[in-house]
Amino acid sequence: MPFRQIFRVTSRELMPAPAHPLRRPSLSPAFRLRPLARTLALAALCSLLWTSGGPQGQPLQAMAQVNLPALGDSVSSDFDIMDERRLGERIMREIRHDPEYLDDPLLSDYLNSIWQPLLNAARNRGNISAEQDANFPFETFQVLDRSINAFALPGGYVGVHLGLIAMTTSSDELASVLGHELTHITQRHIGRSMVNAQHQSIATIAGLVLGMIAATRARSVDAANAVIIGSQAAAAQGQLNFSREMEREADRIGLQLMSSAGFASAGMAGMFEKLESSSRLNDSNQYPYLRSHPLTIERISEARLRMNSNPSTRPPSLAVHALMQARARVLMDGAEPALRKLQTVAGPGSPAVDEARLGAIYAGAMASMRLRDFPQALRLADSGLELAKRQYAREPIAARDFALLRLEIEGGSGKPGESLTAALDSLGNDNSRPNLLARAQAAQAWQRAGDAAAPAALRNSMEALQTWVTEHKQDALAWLALSQCANAQGQRLRALRADAEAAAAVGDVLGAVDRFRVAQRIAKEDPGSDYVESSIIQSRLRDLEAERRRMLLERD
């Protein structure tokens with residue numbers, strides 16, 4: 001099995017599909033399930049909903065704006081926290097099926113390093129209710145799209161386009177967007193905008209939200225225009241567009257969260273200025289964030305007034321941000337000319353200096369790997385690793401990221417040049433998610449290469465991953481890695497169970513049930529099978545069959 005691959009998850013099987021050499025994914029696979037056709041069909045449905053109106057014939061969006069509760073009031077009991085959670089879960093099941101849904105371990109780790117302090121600040125300030133905290137996952141994910149956008153979804157999910165990561169110049173700027181979107185969730189802006197659509201079913205509202213997301217990101221201009229025209233302009237703003245009052249509230253509370261979390265308030269002003277300047281010079285449909293979060297003079301002015309009042313109290317992460325900028329740029333544009341250009345910029349004589357130079361080297365190494373120029377990729381990764389250690393010792397994560405990239409290149413080449421022991425030593429004892437997944441992939445690559453240390457490394461990876469998924473049950477990538485390691489060790493039953501859990505984590509309940517049934521049959525046929533593993537399989541199968549029945553009832 002290749003070191004790096006795209007996993008295609010269907011309702012029947014979870015199997016690797018080879019990636020095009022110029023579209024090789026990051027260390028993490030992007031889950032690809034179904035194209036956007038179904039989502040666009042839902043968009044057509046949502047246009048009928050917007051034009052049908054409420055009891056007096058008013059468009060639903062207009063009714064919501066007229067009758068919104070005062071800011072800070074609770075949403076109607078007809079759309080409570082559990083309703084919002086179920087809606088969010090349903091939407092995410094569809095989004096995870098979208099080819100542009102991405103879970104890259106390094107980008108996820110970086111986003112989480114910003115998201116968690118904001119989330120903790122919201123908890124400490126009392127912005128998150130106990131009911132929300134108990135029921136919302138509060139997760140971020142990436143969208144494989146070069147446009148500048150981010151969006152909040154019901155139930156505590158926030159999507160971030162790679163284009164947004166690539167255009168920000170600091171963690172403070174990215175924190176300003178995440179803090180803003182987090183506020184949309186904690187203040188229940190989405191639920192409040194739906195309060196007068198109570199008579200619509202969860203399935204209908206899910207289709208409406210998904211349709212509007214598709215319209216803002218559709219590659220086809222005609223498809224997007226069909227959605228907008230079909231909704232008679234009432235839906236042009238989209239379900240995720242909030243009122244000006246909500247936008248101001250999200251700015252104000254988001255800025256407070258930034259300050260409480262230690263980020264500089266100048267990040268919000270800098271982000272606004274960058275968006276205003278760039279979109280004015282050349283929009284080219286690359287700034288959907290501005291259509292759902294329109295800038296006003298008032299919003300920009302308030303951000304500028306506060307930009308010097310709250311300086312950063314967090315250690316700077318300029319080098320790490322530059323690397324994640326570079327990673328996002330490579331992932332969002334895999335065309336050969338773009339990759340060749342990044343190779344050239346990384347070479348000698350580049351005008352880039354400091355963190356920009358470090359990012360250029362990282363992008364060049366990653367681009368070379370995707371072009372399968374492995375010698376050049378290793379040379380650049382080695383030079384970047386030395387530069388990170390020498391000049392950015394205060395940011396050890398930068399050196400770690402280069403070490404992970406080097407390991408990725410080694411494994412992707414199919415001919416690992418170092419011993420596994422030496423390669424893993426470069427990662428240290430860090431048990432972060434990127435390291436756990438990298439160790440598992442490396443152990444498999446070195447086993448194929450015949451390294452004597454691989455079996456022990458596989459066993460260690462299995463133990464570490466089992467501990468991780470015990471605490472992070474919805475981590476599909478970790479379950480997949482555990483399945484691969486178990487399969488490499490000949491532990492078929494354990495591999496099948498982990499495979500089933502991976503399917504369940506991405507919302508493929510039917511596929512998970514099928515896998516658990518196969519595992520159950522194997523356990524019954526083998527008298528020597530692990531009793532504990534067999535018991536877990538039976539218990540999970542019962543749970544998922546009940547979940548499938550519940551989902552079928554919701555659709556009826």
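Here are some notes on the model above, point by point.

1. **What you are looking at.** This is a predicted model, in which local features need pLDDT of at least 70 and side-chain atom pairs count only at pLDDT 80 or more, while totals for chains, interfaces and linings use all residues. Residues are numbered from 1 along each chain as its sequence is written, and side-chain values use heavy atoms, with hydrogens and water left out.

2. **Confidence.** The average pLDDT (the predictor's confidence in each residue, from 0 to 100) is 77 for the protein, and 70% of the residues score at least 70. Helix H4 (residues 105-124) comes out highest, at a mean of 97, and strand S1 (residues 6-9) lowest, at 27. Helices here are DSSP runs of H or I of at least four residues and strands are E runs of at least two, numbered from the N terminus.

3. **Stretches to treat with care.** Residues 1-74 stay under 50 in pLDDT, yet the model gives them 189 contacts beyond four places in sequence; a contact means heavy atoms within 4.5 Å. Residues 227-242 are also below 50, with 44 contacts beyond near neighbours in sequence. Where pLDDT is low, the predicted coordinates should not be read in detail.

4. **Overall make-up.** The protein has 26 helices and six strands. Take the contacts between residues at least 6 apart in sequence: 73% of them join residues at least 24 apart.

5. **The sheet.** Four strands make an open sheet in the order S3-S4-S6-S5, with mixed pairing. Strands pair if DSSP finds at least two bridges between them. S3 and strand S5 (150-153) are the edge strands with a single partner each, so one side of each has no neighbour in the sheet. S3 and S4 are antiparallel, over two bridges, and Tyr-101 has Val-143 in S4 as its bridge partner. H4 lies across S4 and strand S6 (157-161), at about 140° to S4; axes are lines fitted to C-alpha atoms, for helices over the stretch in contact, and angles run from 0 to 180 degrees between N-to-C directions.

6. The whole structure holds four aromatic pairs: rings of Phe, Tyr and Trp (its six-membered ring) with centres within 6.5 Å, stacked if the planes are under 30 degrees apart, edge-to-face if over 60 and tilted for the rest. Tyr-101 and Phe-141 form a tilted one, 5.6 Å centre to centre with 40° between the planes. Tyr-101 is in strand S3 (residues 101-102) and Phe-141 in strand S4 (residues 139-143), so the pair ties together parts 40 residues apart in sequence. Tyr-101 is buried at 10% relative accessibility, and Phe-141 is buried at 4%. Ring pairs also bring in Phe-151, giving a cluster of Tyr-101, Phe-141 and Phe-151.

7. **Rings between helices.** Tyr-362 and Phe-402 have ring centres 5.3 Å apart and planes at 75°, so this pair is edge-to-face. Tyr-362 sits in helix H17 (residues 354-370) and Phe-402 in helix H19 (residues 396-413). Tyr-362 is buried at 0% relative accessibility, and Phe-402 is buried with a relative accessible area of 0%.

8. **A buried glutamine.** Gln-132 belongs to helix H5 (residues 130-135) and is buried, at 2% relative accessible area. Leaving out residues up to four places away in sequence, Gln-132 touches Ile-81, Asn-127, Phe-138, Ile-185, Thr-186 and Arg-188.

Notes: Buried means under 20% relative accessible area, exposed over 50%, partly exposed in between (1.4 Å probe, protein chains only).
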